[in-house]
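These notebook entries record what I looked up in this structure.

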Amino acid sequence: MRKTMLGVVVVMLVTACGGSDGTDLLPIPVVSAEEIERLSAEADAFAERHMAAWPDVEAYVADFAEDFLVADPSGRDSDGGRQAAAAMWAAWESLTDYSIEVTGTFISTDGEAYNQEWPGLWPTDVGVPVEGPRDPAGPSFFETFLFEDGKVVQSDVWWYPMDNERFDLGCFAVDGCPALQEIVDRYVTGWTNRDRDAVGALYADESLFVDSLLGLRASGPDSVGGLADDRFGSVGDLSFEILDLFSWTDGYGQPSESDPTHGSLMGVAIHYRGTVSDGGEEQVQEAVTTLELCRRYVRKLYTYTDPDPDGLIHREVVYREPNSLLVGVSS
């Protein structure tokens, strides 16, 4: 596991007694253990078909729908339609020789997500000037996939902030992007304090929060804030450990006088471990949540993203590490 630019952050909160009577401290998934195992097996099988197929582009897109959408805001790649996406990846494949290695798998009821490393890829291969010796380890990414009727209809690519910094990409090249630290601090503080108002203040008016495996869905600041006692339970000592961070920037160019928002932060994906303990009992769940600090819309199979001027969350989707969900879940 690669170390984030923030290191490991742990926040503790002491609340009222609870859990010592054997009740669940963390919310239980709304699906059975059998269903979680099925979703996990499907995610592993997709990774084997998809990521392991690279650089065979035709095999790489075999599971994609004809109206498939891909969004990589940091890389300025956003194509609609299976053929257009395949042409984009064919161009990448012709530029460099690299592989895709999966280092972590996460699931939702209708999607899958993966921590990935791409050894062999270097920014100069795709037109980004980088000084210094080539690093054979290559960059790291987090990629999410949305499925409908067994086909992938959407894919989003998130970048590792330390790669942005060392490759001089986006806002990270200028000042290390303090906006990342700010949004993560506010997010962790609001949720770990189970503070309804502080949580709600993170979200835009038209925001959407989805944690499908826990059956949590809310729209708007008040509604999302209302989940403050539901997402991690309402009792016990809660710790929130950040394991990794990924980001979206508004392109990989740097801000300038003529375009001060270029390269600005507009998304954060947080890989975390949430632990609640009370009366000698302890329960743990691990997940990655994607925070879109932008408005996203599609026109003619092209995805557009407009950064939120106040850094508010417009859409959040939680993907769960399957093994951490199976504890205490009936089949």
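Entry one, the cores. I looked up the largest nonpolar core and found 36 residues, of which Trp54, Phe64, Trp89 and Phe145 touch the most other members. A nonpolar core here is a set of buried Ala, Val, Leu, Ile, Met, Phe, Trp, Tyr and Cys residues joined through side-chain atoms within 4.5 Å. At least two residues of this core come from each of helix H1 (33–49), helix H2 (57–60), strand S2 (64–72), helix H3 (82–95), strand S6 (140–148) and strand S7 (151–159). Helices (H or I, at least four residues) and strands (E, at least two) are DSSP runs, numbered from the N terminus. I noted another core apart from it, with 35 residues, among them Phe172, Leu180, Ile270 and Tyr272.

Entry two, the source. I am reading a predicted model, in which local features need pLDDT of at least 70 and side-chain atom pairs count only at pLDDT 80 or more, while totals for chains, interfaces and linings use all residues. Residues are numbered from 1 along each chain as its sequence is written, and side-chain values use heavy atoms, with hydrogens and water left out.

I found 25 aromatic pairs in the whole structure. Rings of Phe, Tyr and Trp (its six-membered ring) pair if their centres lie within 6.5 Å; planes under 30 degrees apart count as stacked, over 60 as edge-to-face and the rest as tilted. Phe64 and Trp89 form a tilted pair, because their ring centres are 5.9 Å apart and their planes stand at 55°. Phe64 belongs to strand S2 and Trp89 to helix H3, so this pair ties together parts 25 residues apart in sequence. Phe64 is buried at 2% relative accessibility (buried means under 20% relative accessible area, exposed over 50%, partly exposed in between, with a 1.4 Å probe and protein chains only). I then read the pair of Trp158 and Trp248, which is stacked, with 4.1 Å centre to centre and 10° between the planes. Trp158 lies in strand S7 and Trp248 in strand S10 (residues 237–249), so the pair ties together parts 90 residues apart in sequence.

Is Arg320 buried or exposed? I found Arg320 buried, with a relative accessible area of 1%. Its side chain makes polar contacts (N or O atoms within 3.5 Å; within protein, one able to donate a hydrogen and the other to accept it, and residues adjacent in sequence counting only if both atoms are side-chain atoms) with the side chains of Asp211 at 2.5 Å and Gln285 at 2.9 Å.
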